[in-house]
Amino acid sequence: MGSIQGPSAGHTAESSRKVIVAGAQLGPINVDTPREEGMNRMLKLMDDAHQKHAKLIVYPEIAPVTFFPRHILEGDELEQYFEQEVDGDATKLPNLKPLFDRARQYKMDMYLGYAEHATESSEGNHVHYNTAVYYSGAADKVISKYRKVHLPGTFEPYERKDATNQLEKRYFLPGNLGFEAFRAPGLVPGAVNQKSGAKANAPDSLGKGDPIIGMLICNDRRWPESWRPYGLQGAELVLCGYNTTAWAPELIGTNEKTSTPEKAKAEALFHNKLCITYNSYANACFSINVAKCGVEDGKYPLIGGSCIVDCDGEVVVEAQTEDDELIVAEIDLGMCRRGKEKVFAFERHRRTEHYGRIVGQTGVVEPDLL
Ligand code: CDT
């Protein structure tokens, strides 16, 4: 005789992997905001995070300065927004050092987005990237760097003089570091490691090592292709900072639904949440998504909506303002096992023989006309 299965059927054994994490949303940073003022605001948010026992803080994309790719710039006017590494060590970047020093003092991990001036050859040629680094408080060093892969907007400015430009293709090269996940040492207590004899990918160590983390920057979050490589590395937490315009008809396009700044902003907030909730669910990972927001220079609106999303795609906590605001949550990375072992058990359900177009083709090729 059939019976309805009880609540213990299919129960996934989840080890507790709790950690308190924070997103440091920033309000507007204007062209004339002094660097020191922006830095003090960022440090204050880190102090608040420490008071709330956070072990990881996430800042927005290009956090320390105004979202300059909307402006047409060259020479020193452009270069002032870029950080130039000393000895290949981001913790020594002169403008950003106070953040690393404070994180070191608190033994706090940190995702920090900034515009990177990188020297690529012995001849001193330099290139620019839109970059985020992950500083580990336990290791006291930057343990991973990510360079934004999907650069939105145009190389040339729009013809209309009053259009809001998004000149990231002009100012940055596409990231060249791929989507490499990494482990954050000591971020949750009691993780197994090689010293204790555990082996990666052994059945009894899955989901028990130091947390597996991936980084994205802004537009990357809209592309499932950015998340899946992290899912395939077992990521439990994806970090993403953003500067998302709330009203830029040339860039985003308009229709009846988005014909006013208010409607366009509502749609931009909806799309932000749509991508981060769906992709967190489909890769069974948490995500921390953090905005720079509000109206920069009195006329360029950016959306807020910073949020921490769980591995079931649910929003755990969401910012309520368009200003400096810390969002904090205790998350349990052990919850990721259910999605990874059942609905999104990739090893059992993926069909790579049918995915060729995803890596073999960039643009759309429609079927022949009838
Ligand atoms: N900074 C950044 O990448 N902004 C883009 C704007 C494009 S809007 C569809 C973003 O994806 O939010």
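I began with C285: is this residue buried or exposed? C285 is buried, at 1% relative accessibility (buried is under 20% relative accessible area and exposed over 50%, with a 1.4 Å probe and protein chains only). The model is predicted, so I keep in mind that local features need pLDDT of at least 70, side-chain atom pairs count only at pLDDT 80 or more, and totals for chains, interfaces and linings use all residues. Residues are numbered from 1 along each chain as its sequence is written, and side-chain values use heavy atoms, without hydrogens and water.

Next, the cysteines. I searched the whole structure and found zero disulfides (pairs of cysteine sulfur atoms within 2.5 Å).

Then I turned to the ligand. I found 14 residues around the ligand, with K148, C218, N219, R222 and T244 coming nearest (a residue is near if one of its heavy atoms lies within 4 Å). By class, this shell has five nonpolar, four polar and five charged residues.

I also noted some atom distances. A ligand oxygen is 2.6 Å from a side-chain N or O atom of T244, and a ligand oxygen is 2.7 Å from one in the side chain of K148. A ligand nitrogen lies 3.0 Å from a backbone N or O atom of N243.

Methods
A polar contact is a pair of N or O atoms within 3.5 Å; within protein, one must be able to donate a hydrogen and the other to accept it, and residues adjacent in sequence count only if both atoms are side-chain atoms. Ala, Val, Leu, Ile, Met, Phe, Trp, Tyr, Cys and Pro count as nonpolar, Asp, Glu, Lys and Arg as charged, and the others, Gly among them, as polar.
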